[in-house]
Amino acid sequence: MAEKKANPAHKPTAGGLGPGGPGGAKHSPEKRKKAGRGPSQGVTSSAPEGHGDHENPSGRSGSPRVAVVNAGGETIREIQLSPQVFAAKPAAHLVYEAVKQHRAGARRGTHMTKNRALVSGSGKKPWRQKGTGRARVGETRNPLWRHGGTVFGPQPRDYSWAMPRKARASALRAALSQRVSEGALKVIEAFEVPEPKTKVLKGLLAKLGVVGKAVVVDHQPTDYLVLSGRNLPGVRVVADTHLTAYDVLDCRHLVLTQEAIDKLEERLTPPVRE
């Protein structure tokens with residue numbers, strides 16, 4: 001039989017279909033226009049025009065504003081907070097990890113149970129191995145007996161674990177931004193505590209309207225300030241370098257000095273990516 005020659009004018013397309021098939025024929029301009037895909041229409045980018053996310057890294061447009069008060073509770077001026085630190089994006093999981101890490105590091109880990117080597121009792125075999133009709137046993141301190149040792153009980157251990165520095169900074173930024181949005185942040189010019197007396201700091205906080213749990217943050221707290229706040233229930237005095245996301249969230253009021261605000265912005269501002 002003679003072999004059939006393929007028709008060169010009827011070549012299959014890449015999709016395996018001929019020119020008359022749905023994948024081989026090209027749509028006319030009228031059909032494209034009718035389908036809403038004219039020749040001039042293309043894929044448009046959803047990204048906004050500009051220079052990207054870091055269009056104005058040092059600008060403070062839209063940043064929160066807070067009032068700075070003196071020791072008498074009078075407003076001195078208003079300042080704009082850094083949007084990178086006090087208006088950051090929410091990071092719920094990072095805040096959760098930071099709080100969990102703080103609470104784990106605060107655990108004492110002194111719990112302990114006695115195993116069969118530490119519990120009191122004799123190591124003598126109570127009865128012979130065979131012939132008594134009773135279950136075999138080697139000593140009275142075994143875990144199956146009353147007053148015996150505990151198997152796999154808790155032992156003293158360290159529960160603390162490390163968290164990346166950048167992750168802690170992001171969690172602190174998110175916590176500070178949340179408290180600013182809630183109106184819990186108060187900024188004071190400086191804490192004027194000339195002597196270590198609880199009454200002085202208590203009166204100062206009362207003028208600021210601080211009632212309940214509060215965290216007082218200063219750049220370098222004086223000994224007088226620390227001693228004055230040590231006996232106030234619910235008041236904790238910390239330095240800005242030791243401030244954590246747990247401290248920021250575990251209070252009703254967050255009282256910071258102007259210097260502490262500046263140092264926090266200097267330390268927590270993320271670097272600009274080029």
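Reply: On a 1 Å grid over the protein atoms alone, a pocket is an open set of points with protein on both sides within 12 Å along at least five of seven lines, where a 1.4 Å probe fits; lining residues have an atom within 4 Å of a point. Grid points are joined across faces, edges and corners, and a volume is the space filled by probe spheres set on the points. This is a predicted model, in which local features need pLDDT of at least 70 and side-chain atom pairs count only at pLDDT 80 or more, while totals for chains, interfaces and linings use all residues. Residues are numbered from 1 along each chain as its sequence is written, and side-chain values use heavy atoms, with hydrogens and water left out.

Me: How much space lies in the second largest pocket, and which helix gives the most to its lining?

Reply: The second largest pocket holds about 160 Å³ of space. Helix H5 (residues 198-207) contributes the most to the lining, with four residues; helices are DSSP runs of H or I of at least four residues, strands are runs of E of at least two, and both are numbered from the N terminus. Among the lining residues are Thr198, Lys202, Pro233 and Val235.

Me: What is a salt bridge, and how many are counted here?

Reply: A salt bridge is a side-chain nitrogen of Lys or Arg within 4 Å of a carboxyl oxygen of Asp or Glu. The count comes to eight. In one of them, Arg77 pairs with Glu189, with the closest N and O atoms 2.9 Å apart. Arg77 lies in strand S2 (residues 75-80) and Glu189 in the loop between strand S3 (185-188) and H5, so the pair ties together parts 112 residues apart in sequence.

Me: Where do Lys100 and Glu97 lie?

Reply: Both are in helix H3 (residues 92-105), three residues apart, about one turn of the helix. Buried means under 20% relative accessible area, exposed over 50%, and partly exposed in between (1.4 Å probe, protein chains only). Lys100 is partly exposed at 35%, whereas Glu97 is buried at 19%.

Me: Which side chain of opposite charge is nearest to Asp218?

Reply: Lys and Arg count as positive and Asp and Glu as negative, with His and the chain ends not counted. For Asp218 that side chain is Lys263, 11 Å away; Asp218 is buried yet has no salt bridge. Asp218 belongs to strand S4 (residues 214-218).
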